[in-house]
Amino acid sequence: MPSVRTGFVAWSILACAQAVSAQSDLSATLRVDAYAFAEDALSPQQTNNPSRIALDLIGRLELSDTLTLSFDSTGGWSGGEHGFAFGRINRLSLDQQIAASILSFGYDTLIWSKSEFARLSDVINPRDYRFDPSGETTLGQPMFRWDLPLGPGVLTSVVVPRPLPSRYPSAESRLRSRLPVTGDAQFEKNQNTHAFALRYEASIGITDFGIYGYVGPTREAAIVSVGSAFAPYYAWVQQAGFDAQVTFGSSAAKLELRHTSNQLDRTGVRSDGWAISVGAEHSFYGVFGSPGDITVAVEYARDERGKQAWQNNQNDLYAGLRWSLQNTADTQFEIGYQQDLSFDSSAWRLGFEHRVMDGLVAKAEAVLWQDADPQDLVYGLSRDSHLRVSFEKSF
């Protein structure tokens, strides 16, 4: 009974977390997910309707007036016909304040993007594709980081001594890409070769912007054949980018621009190229004569390599709507649509969230695939239309 054992461990950790909460800033969330898929799995190894239990632990422990230990981790069990354990460290870092600057070392996650979907500026951290095929979920990795106030903003210097690979679904997982990644990660340079990044971020008036440079393994891995398996290959790239958000009243406009050198495309050719993402959102307040509000967002992303890019956002349009009732239960409804204009793949996303009681939130999400081109990287997901129901208990 793996799920029972995992649940017992989760509750034991929560008991310890509550015991030390008086000495530290600690929070925990226990999450239970149940999936229902519209079609049978592609492989007999895959679970048709899996369930999942996960525990998130987030906290800060002040060791002295200038030294803090920060952590953010997730672990749990994915059950069904083929169960397996999983874990993820988002952050486990010591933060030392030195005058006005902060020096951090340990595992960390840096989220730089301002866009909702393409997230072009998130070039540092590997991805966790096991339960999130979009790649929005990131993994912490070892790094030294120095945040130095400079003018109206902050200059961030990053050294990654040993870049880590992304994590892909196992053979048992249901949400898999067209090419199941089962081989060991391949790096163009020795994995102990340091990666570097430098970013300046500031807010001036109604504009938030960032500019950065990065040298290291790409986070857009090529999937290559290694013997009888497929494995991710990480080319050594140079990237530079700019991102900005302008907020005026209840509206916002977003821009992300990134240039990559020495990137490997789907034909095996090295190339340099630009990628861009533009988006806008607007909120309507007091809709239907109620306290609720509706936010509408539109985003377009393009990579000049087009169909040869090893990423999903090569020529894609996204549109979404979120309706927040602003009631005591924080009820929200979401609907989104994505259209790949190159491969003519499309999908609908529906979401619901409601606080059942204090500390307990119920969620539901439906992903409905309409079409998918066999050449599209997401083609393997076209049979994975599903409903996911979740319950989250916070402590």
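Me: Before we start, what counts as buried, exposed or partly exposed here?
Reply: Buried means under 20% relative accessible area, exposed means over 50%, and partly exposed is in between. Keep in mind that this is a predicted model.

Me: OK. Where does W348 fall, then?
Reply: W348 has a relative accessible area of 34%, so it is partly exposed. It lies in strand β19.

Me: Which residues make up the nonpolar patch on the surface?
Reply: F284, V296, V298, L317, L321, I335, L341, W348, L350 and L368. Together they have about 770 Å² of accessible area.

Me: And which elements give two or more residues to that patch?
Reply: β16 (293–303), β17 (315–324) and β19 (346–357).

Me: Switching to rings. How many aromatic pairs are there?
Reply: A search of the whole structure gives 13. One of them is F117 with Y318. Their centres are 4.4 Å apart and the planes sit at 5 degrees, so this pair is stacked.

Me: Where are those two in the chain?
Reply: F117 is in the loop between β5 (101–108) and β6 (141–150), and Y318 is in strand β17. The pair therefore ties together parts 201 residues apart in sequence.

Me: Is Y318 buried or exposed?
Reply: Buried, because its relative accessibility is 8%. F117 is partly exposed, at 29%.

Me: What about Y129 and Y168?
Reply: They form a stacked pair, 5.1 Å centre to centre with 20 degrees between the planes. Both are buried.

Me: Which residues form an aromatic cluster?
Reply: F288, W323, F333 and F352 form one.

Me: Last one. What sits over the ring of W310?
Reply: The charged end of R266, 5.7 Å from the ring centre. K393 also lies over the face of F395.

Notes: Residues are numbered from 1 along each chain as its sequence is written. This is a predicted model: local features need pLDDT of at least 70, side-chain atom pairs count only at pLDDT 80 or more; totals for chains, interfaces and linings use all residues. Side-chain values use heavy atoms; hydrogens and water are left out. Patches are made of residues with over 30% relative accessible area and no salt bridge: like charges are joined within 9 Å, nonpolar side chains (Val, Leu, Ile, Met, Phe, Trp, Tyr) within 5 Å. Accessible areas come from the Shrake-Rupley method with a 1.4 Å probe; for residues, only the protein chains shown count as cover. A salt bridge is a side-chain nitrogen of Lys or Arg within 4 Å of a carboxyl oxygen of Asp or Glu. Helices (H or I, at least four residues) and strands (E, at least two) are DSSP runs, numbered from the N terminus. Buried means under 20% relative accessible area, exposed over 50%, partly exposed in between (1.4 Å probe, protein chains only). Rings of Phe, Tyr and Trp (its six-membered ring) pair if their centres lie within 6.5 Å; planes under 30 degrees apart count as stacked, over 60 as edge-to-face and the rest as tilted. A charge sits over a ring if NZ of Lys or CZ of Arg is within 6 Å of the ring centre and within 35 degrees of the ring normal.
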